[in-house]
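Subject: Structure handover

Hello,

Here is the structure you asked about. Please open it next to this email and follow along as you read.

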Amino acid sequence: MRTFDLTPLHRSTVGFDRLFSLLDQVNSVDTGATYPPYNIERTGENAYRITVAVAGFTEDDLSIEVKENGLSIRGDRKVEAGKNADVLYQGIAARAFERRFQLADHVEVRGASLANGLLHVELVREIPEAMKPRTIPISAGSTAPRVIEARTSAAA
């Protein structure tokens, strides 16, 4: 029997919690992290936060774009002109990146902030009133069913 690695799909979607919880139970395969590392957190019943580690990037180096049901975070660090230092070892990645996330229906980006090398993107799922579950009241009528009397005419 084949197993399918759905972890990359799970890591790049927000708002599909129930679906991926079921898929995780069926197929629990873990893959390594990619650049840049990130977290997806649930901060409330309908609120989420994506945190991306962007050490060395400034606000001018980063761009966030929402198109249809996709969120794209791009980073392109500008090389400082006139810097003549010889780097003996470079462990801090300075390469450009693009990270894409698939958003569920009705998930909106509320804002983003950059602090201490972490980019926080706040998301909220707002379900329209027409799609929210509603309770239908049951009226208490008479308990006895109504009987309609019908007379049959005898054929001559």
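Starting at the N terminus, the elements of the chain run α-β-α-β-β-β-β-β-β-β. That comes to two helices and eight strands. The chain has 156 residues, and 22% of them count as buried. Look at the contacts with a separation of 6 or more: 54% of them come from residues 24 or more positions apart.

The mean pLDDT of the chain is 78. A value of 70 or more is reached by 66% of the residues. Where is confidence lowest, and where is it highest? The lowest mean, 53, belongs to helix α2, residues 17-26. The highest, 94, belongs to strand β8, residues 118-125. Also check residues 25-33, where the pLDDT is below 50. In the model this stretch has twelve contacts beyond near neighbours in sequence. Where pLDDT is low, the predicted coordinates should not be read in detail.

**The sheet**

Now find the open sheet of four strands. Its order is β2-β3-β8-β7, and the pairing is antiparallel. Which strands stand at the edges? They are β2 (38-42) and β7 (107-115). Each has a single partner strand, so one side of each is left without a neighbour in the sheet. From one strand to the next, the twist averages 20°.

Take β2 and β3 next. They run antiparallel and are joined by five bridges. Together they form a hairpin, with four residues between them. Across this pair, Glu41 stands opposite Arg49 in β3.

Then move to the other side of β3. Strand β3 covers residues 47-53 and pairs with β8 over seven bridges, again in the antiparallel sense. Tyr48 stands opposite Leu123 in β8. Thr51 has His120 in β8 as its bridge partner.

**Aromatic rings**

How many aromatic pairs does the structure hold? There are three.

One of them is Tyr38 with Phe101. The rings are edge-to-face, 5.1 Å centre to centre, with 85° between the planes. This pair links distant parts of the chain. Tyr38 is in strand β2, Phe101 is in strand β6 (residues 97-103), and 63 residues separate them. Both Tyr38 and Phe101 are buried.

Another pair is Phe57 with Phe97. These rings are edge-to-face too, at 5.4 Å centre to centre and 85° between the planes. Phe57 lies in the loop between β3 and β4, and Phe97 lies in strand β6, so the pair ties together parts that are 40 residues apart in sequence. Are these two residues buried or exposed? Phe57 has a relative accessible area of 7%. Under 20% means buried, so Phe57 is buried. Phe97 counts as buried as well, at 8% relative accessibility.

Ring pairs also bring in Tyr35, which makes a cluster of Tyr35, Phe57 and Phe97. A charged residue sits here too: Arg95 lies over the face of Tyr35, at 4.0 Å from the ring centre.

**Two more residues to look at**

Asp61 is in the loop between β3 and β4. Is Asp61 buried or exposed? Its relative accessible area is 11%, so Asp61 is buried. What does Asp61 touch, leaving out residues up to four places away in sequence? The list is Gly56, Arg74, Gly75, Asp76, Arg77 and Lys78.

Lys67 is in strand β4, residues 62-67. Its relative accessibility is 57%. The cut-off for exposed is over 50%, so Lys67 counts as exposed. Lys67 and Leu103 are 36 residues apart in sequence. In space they are 9.9 Å apart, C-alpha to C-alpha.

**Where to begin**

Start with the sheet order, β2-β3-β8-β7. Then go to the cluster of Tyr35, Phe57 and Phe97. Leave residues 25-33 for the end, where the pLDDT is below 50.

Best wishes

Technical notes. Residues are numbered from 1 along each chain as its sequence is written. This is a predicted model: local features need pLDDT of at least 70, side-chain atom pairs count only at pLDDT 80 or more; totals for chains, interfaces and linings use all residues. Side-chain values use heavy atoms; hydrogens and water are left out. pLDDT is the predictor's confidence in each residue, from 0 to 100. Contact means heavy atoms within 4.5 Å. Buried means under 20% relative accessible area, exposed over 50%, partly exposed in between (1.4 Å probe, protein chains only). Two strands pair if DSSP finds at least two bridges between them. Axes are lines fitted to C-alpha atoms, for helices over the stretch in contact, and angles run from 0 to 180 degrees between N-to-C directions. Rings of Phe, Tyr and Trp (its six-membered ring) pair if their centres lie within 6.5 Å; planes under 30 degrees apart count as stacked, over 60 as edge-to-face and the rest as tilted. A charge sits over a ring if NZ of Lys or CZ of Arg is within 6 Å of the ring centre and within 35 degrees of the ring normal.
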